[in-house]
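Here are some exercises to work through with the model open beside you. Try each one first, then follow the steps.

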Amino acid sequence: MKERLLLVDDDVELCELLGDYLRHEGYEIDYAHNAADALKLLEGSHPYSLMVLDVMMPGQSGLELLQQLRPRVQLPVIMLTGRGEEIDRILGLEMGADDYLGKPCNPRELLARIRAIRRRSDQSGQQTEFPQQPVELHGIRLDPGLREVRVAAVPVELTSAEFNVLAYLLHNAGRVMTKAELTERVLHRPLTAYDRAIDVHVSRLRQKLQRAGDSQELIKTLRGEGYLLVQEAQ
């Protein structure tokens with residue numbers, strides 16, 4: 001069965017351009033040109049594998065729609081943003097988007113981002129490089145097979161990107177992982193200039209762990225180097 005994607009953008013011509021390209025690559029495509037129509041489709045009978053969502057739309061914006069959907073809807077989302085609108089990109093990631101792409105976007109690059117997100121969303125975990133056995137450290141238990149994280153037995157709901165960031169940090173505890181390394185392993189793309197995606201995913205991961213009862217600052221930022229999950233308890 002073909003995967004079905006939802007493209008949400010008020011630019012009808014762009015939707016048709018991207019849709020035609022993605023259909024040629026084997027996807028089923030539905031369109032919505034405003035937030036209200038997108039909600040109707042999301043509540044319909046067709047399950048979607050991923051949504052491509054424009055930030056700026058008339059009426060309810062893409063950011064407002066994303067905020068409305070999270071956390072009850074875990075559908076992977078790629079935000080389309082203006083080339084220079086870094087604040088929109090950061091806000092989108094903070095609200096639960098999986099990745100972002102500047103407009104006007106290249107259909108081939110969008111396809112690459114979609115495939116990367118679908119790989120890391122694969123529940124089988126076969127596309128990951130970290131071990132598939134459960135790991136536990138500092139009261140955090142991560143089970144790759146179940147895609148489950150608990151802090152002191154309290155379940156923590158993470159996006160696929162946040163889950164994989166934590167998995168790589170846990171399995172490399174005590175070692176600095178650079179932003180470039182995490183971007184390539186988690187987002188399956190090279191780190192680019194002014195790219196804040198991994199920073200935001202790490203920030204959200206810290207917040208969720210703390211809300212679940214992790215009072216220690218286990219994930220350290222090493223300026224100019226990357227991130228490190230401490231190996232010894234503080």
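**Exercise 1.** Which residues in α7 are buried?

*Solution.* A quick word on the ground rules: this is a predicted model, where local features need pLDDT of at least 70 and side-chain atom pairs count only at pLDDT 80 or more, while totals for chains, interfaces and linings use all residues. Residues are numbered from 1 along each chain as its sequence is written, and side-chain values use heavy atoms, with hydrogens and water left out.

Step 1: Buried means under 20% relative accessible area, exposed over 50%, and partly exposed in between (1.4 Å probe, protein chains only). Helices (H or I, at least four residues) and strands (E, at least two) are DSSP runs, numbered from the N terminus.

Step 2: read off the helix. In α7 the buried residues are Glu181, Leu182, Thr183, Val186 and Leu187.

Step 3: look at what they pack against. Those buried residues meet α5 (107-120), α6, β10 (177-178), α8 and β12 (226-229).

**Exercise 2.** At roughly what angle do the axes of α7 and α8 cross, and which residues meet?

*Solution.* Step 1: take the axes, which are lines fitted to C-alpha atoms (for helices over the stretch in contact), with angles from 0 to 180 degrees between N-to-C directions. Those of helix α7 (residues 179-187) and α8 come within 9 Å and cross at roughly 80°. That makes α7 roughly perpendicular to α8 (under 35 degrees is roughly parallel, over 145 roughly antiparallel, 65 to 115 roughly perpendicular, the rest oblique).

Step 1: list the contacts (heavy atoms within 4.5 Å). From α7, Lys179, Leu182, Thr183, Val186 and Leu187 meet Ala197, Ile198, Asp199 and His201 of α8. By type, the residues of this contact split into five nonpolar, two polar and two charged. (Ala, Val, Leu, Ile, Met, Phe, Trp, Tyr, Cys and Pro count as nonpolar, Asp, Glu, Lys and Arg as charged, and the others, Gly among them, as polar.)

**Exercise 3.** Is aspartate 199 buried or exposed, and what does it touch?

*Solution.* Step 1: find aspartate 199 in helix α8 (residues 197-211). Its relative accessible area is 14%, so aspartate 199 is buried.

Step 1: leave out residues up to four places away in sequence, and aspartate 199 touches Lys179 and Tyr227.

Step 2: Serine 203 has 28% relative accessibility, so it counts as partly exposed.

**Exercise 4.** Why is strand β3 largely enclosed by the rest of the structure?

*Solution.* Step 1: check burial. Five of the five residues of β3 (residues 50-54) are buried, so the strand is largely enclosed. Leu50, Val52 and Asp54 point one way, Met51 and Leu53 the other.

Step 1: find its partners (two strands pair if DSSP finds at least two bridges between them). Strand β1 (residues 4-8) pairs with β3 in the parallel sense over four bridges, and valine 8 has leucine 53 as its bridge partner. Strand β4 (residues 77-82) also runs parallel to β3, joined by four bridges, with methionine 51 opposite valine 77.

Step 2: The chain goes from β3 through helix α3 (residues 62-69) to β4, a right-handed β-α-β crossover (with the strands pointing away from the viewer, the path from the first strand over the helix to the second runs clockwise).
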